[in-house]
Each structure stands twice: as structure tokens, then as C-alpha cells.
Amino acid sequence: MKADAGRKYRAYPTGVQDNVLTGWGHTARALWNVALEQRVYLWDQRRYTLRSAEQCKHLTAARADLDWIGALPAQTGQQILRQLDQAYDNFWNPNHPARFPARKKRGHRLSVPFPGQAVEFRRLNRKWAEARLPKLGWLRFRLSRALGGTIRSATEGAGRQRLAHLFRRPHRP
């Protein structure tokens, strides 16, 4: 079943959280670019199509060797590689108007994706709630509308201070 709703909330990170999220946003952008370049190189040289499952193995090795990638939560790196898979699938689908996946420049909108299993939400009061993000802790956000449904994914727009999530509505008989 596909997620049928997306909602955005204004996040209010602390100064430390904001710095961490900005760093993660740059790391996520760099990971996207490196993974895309790896796929393009393998296709040009060997006509080999690399998918996220194989790139996740390379990511695990890179996390052990490179501190700046190791600082990013593992689920986030895997989610980025899955999003790159989806971008490739959309490009090759003749019924989808997508272009070839583009490299993200430094000025590109920063975002840090988290799968729904890694995120926990709790309501503080009528107007405030918190989301627990891996390696970051509890991030406060303004509860401008009800959460509702089962959380499928969350994306923190680093620098823009927005917390968006997709959810699946509960099944109604």
C-alpha cells in the first residue's frame, strides 16, 4: 500500500541539533553524488547496473573508514540509496516523465531522510510534539495538524527547519 498523505511541520531544533542536521544534509548530498557517480562510471565502463542493495555494502565499508560518513545514521544512508534507485526507476519508466538523476550542487536544498521505523513521535501538548531521530535525540516541532496514521518516513529539511513525514492511514473495514 502506498503512502497517501504527506504533512509538513515547522521544526525547532536547538543550536547543536541545527549544526548536526546541517552537517548531515551536506553529507547526504555528497553521498547522493558519490553513489550516482559510481553508477554512471560502472555503466560507462562495464555496462553494469548497480543497485542500492550492493551499494549499501559499500556504504557499510565506507562508514568504518570515513568519519564524516560514519556520523550519518546508517538508515539515512540506506534511504538515500533507495531514493536513488527510485530516481533511476522513474527515468527508465517510459510512462514517467522523469529525467536522468541529477547531481546535487552545494546550494541545493538540504534534506535528511529517515525511514519510519527509525522515527518515534510523541505529543507534548495541544500545540507541540517531538520526534526522536537516530543519533540526534528529541526534536521539537509545532503540531499544526494531527499526525494520524502509521509513520512511513520522515525528512528533516536541514537549514529550512521543516519536518515532513508520510504516513499510511489506518485500514477501515
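Which residues in α2 meet which residues in α4? In this predicted model, Ser-52, Gln-55, Cys-56, Leu-59 and Arg-63 in α2 make contact with Ala-74, Gly-77, Gln-78, Leu-81, Arg-82, Leu-84 and Asp-85 in α4. The residues of this contact comprise five nonpolar, four polar and three charged.

**Packing of α2 and α4**
- Two packed helices are described by the angle between their axes and by the distance between those axes.
- For α2 and α4, the angle is about 150° and the axes lie 10 Å apart.
- The crossing of these two helices, α2 and α4, is right-handed.

**The two sides of α2**
- Helix α2 covers residues 52–65, which makes 14 residues.
- From its first C-alpha to its last, α2 reaches 20 Å, close to the 20 Å expected at 1.5 Å a residue.
- Ser-52, Gln-55, Cys-56, Leu-59 and Ala-62 are the buried residues of α2.
- Viewed down the axis of α2, these buried residues fall within an arc of 120°, so they line one face of the helix.
- An α-helix has 3.6 residues a turn, so residues three or four places apart point the same way.
- The other side of α2 carries the exposed residues Ala-53, Lys-57, Thr-60, Ala-64 and Asp-65.
- The cover over the buried residues of α2 includes α1 (15–46), α3 (67–70) and α4 (74–92).

**Helix α1 and its end**
- The 32 residues of α1 should span 46 Å at 1.5 Å a residue, which agrees with the 46 Å between its end C-alpha atoms.

Definitions and conventions
Residues numbered from 1 in each chain as written. Predicted model: local features only at pLDDT ≥ 70, side-chain atom pairs only at ≥ 80, totals over all residues. Heavy atoms only, no water. Helix = DSSP H or I, 4+ residues; strand = E, 2+ residues; numbered from the N terminus. Expected span 1.5 Å × (residues − 1). Buried < 20%, exposed > 50% of the residue type's maximum accessible area, 1.4 Å probe, protein only. Arc of directions from axis to C-beta. Contact = heavy atoms within 4.5 Å. Axes fitted to C-alpha atoms, helices over the stretch in contact; angles between N-to-C directions. Left-handed = near helix turned anticlockwise from the far one by under 90°. Nonpolar A, V, L, I, M, F, W, Y, C, P; charged D, E, K, R; others polar.
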